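Colleague: Could you put the model up and walk me through it? I would like to go contact by contact.

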There are 2 protein chains.
Amino acid sequence: MATTIRQVATAAGVSVATASRALSGSAAVVASTKERVCRVAEELDYTPSRLGRSLATGSTGNVGVILPDVTNPFYTSFLAELETVLGARDIGILVGDSHENPELERSLIRRMTGQVDALILASSRLQDADIAMAADRLPVVLANRMLEPGTDCPDRLSQIALDIDPGFTEAARHLWALGHSQIAYVDGPLHSWSGRQKRESLTRVCAELGMSLIISRTEQPDFSGGRESLAGVDTDEVTAVIAFNDQVALGLLSALRDTGIAVPERISVIGCDDSLPNGLAWPSLTTVDSSSRTLGALAAAAILDPLHQRTGTVPSRLIVRESTAQRWGRAATSVHTGTSVVT
Amino acid sequence: MATTIRQVATAAGVSVATASRALSGSAAVVASTKERVCRVAEELDYTPSRLGRSLATGSTGNVGVILPDVTNPFYTSFLAELETVLGARDIGILVGDSHENPELERSLIRRMTGQVDALILASSRLQDADIAMAADRLPVVLANRMLEPGTDCPDRLSQIALDIDPGFTEAARHLWALGHSQIAYVDGPLHSWSGRQKRESLTRVCAELGMSLIISRTEQPDFSGGRESLAGVDTDEVTAVIAFNDQVALGLLSALRDTGIAVPERISVIGCDDSLPNGLAWPSLTTVDSSSRTLGALAAAAILDPLHQRTGTVPSRLIVRESTAQRWGRAATSVHTGTSVVT
DNA sequence: GGAATGAATGAAACCGGTTACATTGCTACT
DNA sequence: AGTAGCAATGTAACCGGTTTCATTCATTCC
């Protein structure tokens, strides 16, 4: 089949050991020999087998990435960043889609363990114990998730998360400043760690401000889930909605448009992630920026760093665009559009 | 580190050969022995090393997928379908993003060859010769691309493409029926095979109908490329635009909105792929449906089928929604919305 | 001149599986 | 009873690399 190192060695008149050394440069080989081996390898179009090398060295040059949904832009930019940074170092990526399913996630981990050098779990829906068990076998990077404070963290586990608190605090204050006093939050899947963070942030800030907060959820944090989730929002009670992510916000926007409820005049909408190219949503979406690209960059850094930094955090902030405005029912001038809104 | 088959064999008091046979069921092993080996394996939490197995059997249980942009929804649904179908058979996916760059694509192929059982090249930007060379080494599935008719096709090359001709023909006729006589087509990257198909289809149909067609292109067939591409469209001359894909159409829609040109009243817009969840675009996008999910399903089938079907085709058709209407300047009733449009 | 030093290379073990071939032991037939 | 035939199991080679250890040979120092 493909040329092996033995063929190269024979053709160059050296032993396989010398051929291996000449090609990998791992040990001293006299210049003339090295040159000859390399030339022969070139002629025979030799490419070392990664399998053979992996078995011998114990390192595969691949990492596994498991995420809940490959079609979600949040994860695709995360993945794109990883692929770019790791690919530049000739590291391959085995990708697995858990479809938000813990059982499937476990079996993906099982399949990958042993053929990758490290595992990156994005928004893992597993329990802490399962994650710790995986980290016992190989280095693991948890992205967009942290273990419970109490848990004793295995040595080879890194944790990279978005610190959504500042962004969500800002978002609530922004709405408060616009006169909103009753808002809704549409949360994501049940076992989402980041969902809990967002709920907790909002709950705390709203309590501080004396703003009423109604929480509902969608198990499917994408566009269609967002559309359906409008049914769970009392649009008579509430004047603003914060969504788990931009996809859900986009779905809400679309459903609101169908229902004839004007955004931002009647209801303000805030997304999360800033994952949409600017201009895609209409009106353009006020959102909590927490770059998944940066998350990917940090995860890649955790993989490449031999010391394996234990934790990392991506900051967040509010980006105000055109989907939020003065509260409905209050005669006032919209701070953003300048158009006049009356009762 | 991890338990090996030799440890299992020793613990069960059999040879490695028997252990291997008992665990894989490849040959006859007496029931009691088999039961004992399996129980020991269970106790020791043994998982066979895919590396060792790959080296011995010559098959890795992984396939490589190379695509031009992991963040493009067209490719992510393609990838998602592949992952689902192949994952169900416990086949792993190594993913590579070529960033529309032939050089990078070649190096990804080089990296993957030898550690995958087959390669899936989506919208490859390589030359036919490069592709044939890859197919000499391992089975290759070309997706969304066909070799030149003349090229002698290697044995292990499958070709799965979208037959966009019916859809694009329908699209042009649709516009013609609405009274449009001057239309524009915004094409994708220079070396895109599907782009050429689309250009050729439109050129042919427009010539038949006597409709004038102006072609421009964007090298970046995504939302922002679409926004920029409006600059290359003479909106005074043309009353309808067909886009390379839905992302570009979405960008056009956004840029047109900014410019204050109403869609579909002033200009009709048609996308391609039907890759957007319904309701995401506003107005909802008339588009040529050519499911990339189906493309993925066919590619997966080509991988799984031991006979390797040589070619497959995904049909296309026009889906009329709300971004196309009667030509601007003609007093008439819009066929779709029922709203009256006058000069 | 002889021994110590060290550089270049080769032989062989090893990574963790699979499998061709050899061996053992039992059944069944003549 | 002797042997052919077959099922269960073991031995060892093999996949394609890397790496330890041994060997060879030239240099340098005393």
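Modeller: Let me start with one contact to DNA: a polar side-chain atom of Tyr46(B) lies 2.9 Å from a sugar or linking oxygen of DNA strand C, where a polar contact is a pair of N or O atoms within 3.5 Å, and within protein one must be able to donate a hydrogen and the other to accept it, with residues adjacent in sequence counted only if both atoms are side-chain atoms. This is a predicted model, in which local features need pLDDT of at least 70 and side-chain atom pairs count only at pLDDT 80 or more, while totals for chains, interfaces and linings use all residues. Residues are numbered from 1 along each chain as its sequence is written, chains are lettered from A and ligands numbered from 1 in the order in which they are written, and side-chain values use heavy atoms, with hydrogens and water left out.

Colleague: Which residues come closest to DNA strand C?

Modeller: The closest are Thr18(A), Thr33(A), Ile5(B), Arg6(B) and Ser20(B), out of 28 residues that surround DNA strand C; a residue is near a strand if one of its heavy atoms lies within 4 Å of it. Sugar and phosphate account for 55% of the atoms of DNA strand C that come within 4 Å of the protein.

Colleague: Which element gives the largest share of the surface near DNA strand C?

Modeller: That is α4(B), with 5 residues; helices (H or I, at least four residues) and strands (E, at least two) are DSSP runs, numbered from the N terminus. By class, the surface near DNA strand C has 13 nonpolar, 11 polar and 4 charged residues, where Ala, Val, Leu, Ile, Met, Phe, Trp, Tyr, Cys and Pro count as nonpolar, Asp, Glu, Lys and Arg as charged, and the others, Gly among them, as polar.

Colleague: Changing topic, how are chain A and chain B related?

Modeller: A rotation of 180° with 0.0 Å of shift along its axis superposes chain B on chain A, with an RMSD of 0.1 Å, by least squares on the C-alpha atoms of residues with pLDDT of at least 70 in both. That is the relation of a two-fold axis. In chain B, the C-alpha nearest the axis is that of Leu94(B), 2.2 Å from it.

Colleague: How much area do chain B and chain A bury between them?

Modeller: About 3,700 Å², 60% of it on carbon and sulfur atoms; buried area is the accessible area (1.4 Å probe) that two parts lose on being put together, summed over both. Leu51(B), Glu83(B) and Arg111(B) supply 18% of the area that chain B buries against chain A, more than any other three residues. The contact (heavy atoms within 4.5 Å) takes 42 residues from chain B and 42 residues from chain A. Since 100% of the interface residues of chain B are also interface residues in chain A, the copies meet through the same surface.

Colleague: Which domains does chain A have?

Modeller: The domain assignment, whose bounds come from an automatic or database source, gives domain 1 (5-48), domain 2 (62-162 + 294-314) and domain 3 (165-285 + 321-341) of chain A. Domain 2 and domain 3 of chain A bury about 950 Å² between them, of which carbon and sulfur atoms give 53%.
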